[in-house]
Amino acid sequence: MTEATVRLRYGGATDVGRVRSNNQDAYLATGRVFVVADGMGGHQGGEVASRLAVAKLEEHVVEATTPTLLEGVRLANRSIVEEAESDLDLRGMGTTVCLLAPVDTEIGPRLAVVNVGDSRLYRYAGEDLRQITEDHSLVESLVREGRLTTDEAAAHPQRNILTRALGVSEDLELDWWELPVRPGDRFVLCSDGLFNELTDDQISAVLRRLADPAEAADELVRLALEAGGRDNVTVVIVDVVAADDLPPGDEEGGGDGPIPRPSVVRASYDRPIDDLAGFSTAVPPDDGDPVGADPAEPVPVEAAEAAESTPRSSRRPWTRWRVVGYLGLLVVVAVVALVAIGVYARSNYFVDVRGDDVVILQGRPGGVLWFDATIEEVSEVVVADLTPALLEEVQGNPEYASLDGARAYVETLAERAEPTPDPTTNG
Ligand code: CA
């Protein structure tokens, strides 16, 4: 087997969109680490949070290993939490982070992925687009519980409610993966401004059509704007290529060039993967998966600290509107349920005995929750008129959908209770 050097070619693009006044997305594409961060909260808070995350990661990721990446994300989280605490104007800020980076592991080079929030990493391979990350959003939780379909989730008005983000708490739960390095794979990191505007098929069509990563990123952003551009849109594309496949004259790549700054890059860069810190080995161009796992099915690995981490329940201000939104949704669901129960409880009549009287009640025998049955009519029939069999029948609470139905039954009682006329006394 011939060994070939593997390089990463990449490009990114971002746009404020057609509705928002500022761009709260930020991205990083340095060759060492690729990040998309989607900030939220406050006046400038979202911008500050996403830029802070990206800056901290750029600073921290020098020797990329999965543990340093996880630590970098935690450091970024801590800076955002501290910054928000020290500046009232920034209270409530937070950000997603979706990160891809080449790392050296015991079993060779890998592409590490770390994710918090609802920005996404997709892998496009063999014309198949697959989402690698899992969204940390309310709608995604509902989909997993089988309470929403993916189509319903995609159109759900509350799809922007996050269950995890940086800036919420010092305690942060991270998802991470280590993917095999396979030439031909194309990775797409993006904010929700992309996948809320374009379908998977539309995204795939661009990835198939445009080989240059920067051009493809630009085109995806352009199409998202054309589709509405209701949110900030950010796309970073990273291609894994065998060095042999690079166009002639392109071998030098971006490895010697300046490291691009976040959020301004629209050019294409490439960098030999073994040129990176921690990368000393060349990677076979094919079947470069030493553990033999199906690379199309990356196994999500809980964070190394998963045992001690707990799900977030943020009380910080930035999530207030989201929490309020969530609680509001719960209240609406509860009210709708109560109304439905109330309607059910009251849409019924039954017959019973109260004291000496046979009465018609509205409601359900025994009541439903706190919807007690109420006496609707006291009939002219009294217990003394009834035979023991009829009394037992009435005490069984025959039920009717309407008051008239119950009245008709009571009338039959009166007839059935009347003593048979004695032919000998009437002449
Ligand atoms: Ca967004």
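**Close-up views of a predicted model**

**View 1. The hairpin of β7 and β8.** Strands β7 and β8 form a hairpin with two residues between them, and G126 in the turn has a positive phi of about 55 degrees. The structure is a predicted model, in which local features need pLDDT of at least 70, side-chain atom pairs count only at pLDDT 80 or more, and totals for chains, interfaces and linings use all residues. Residues are numbered from 1 along each chain as its sequence is written, and side-chain values use heavy atoms, with hydrogens and water left out. Helices (H or I, at least four residues) and strands (E, at least two) are DSSP runs, numbered from the N terminus. Two strands pair if DSSP finds at least two bridges between them. Strand β8 covers residues 128–131 and pairs with β7 in the antiparallel sense over four bridges. Opposite Q131 of β8 stands Y122.

**View 2. Strand β7 beside β10.** Strand β7 spans residues 120–125, and five of its six residues are buried. Buried means under 20% relative accessible area, exposed over 50%, and partly exposed in between (1.4 Å probe, protein chains only). With β10 (residues 186–190), β7 pairs in the antiparallel sense over five bridges. Y124 has R186 of β10 as its bridge partner.

View 3. Donors are N, O and S atoms within 2.8 Å of the metal (3.2 Å for Na, K and Ca); water is not among the atoms, so sites may look incomplete. The protein donors here are D38 (OD), D38 (OD), D192 (OD) and D231 (OD), at 2.3 to 3.1 Å from the calcium ion. Along the chain their spacing reads D-x153-D-x38-D. D192 belongs to helix α5 (residues 192–195), while D231 is in the loop between α7 (213–226) and β11 (233–242), 39 residues apart. Both D192 and D231 are buried.

**View 4. The aromatic pair Y10 and F34.** Rings of Phe, Tyr and Trp (its six-membered ring) pair if their centres lie within 6.5 Å; planes under 30 degrees apart count as stacked, over 60 as edge-to-face and the rest as tilted. The whole structure holds two aromatic pairs. The ring centres of Y10 and F34 are 4.9 Å apart and their planes stand at 70 degrees, so this pair is edge-to-face. Y10 lies in strand β1 (residues 6–15) and F34 in strand β3 (residues 34–40), 24 residues apart. Y10 counts as buried because its relative accessibility is 2%, and F34 counts as buried because its value is 0%.
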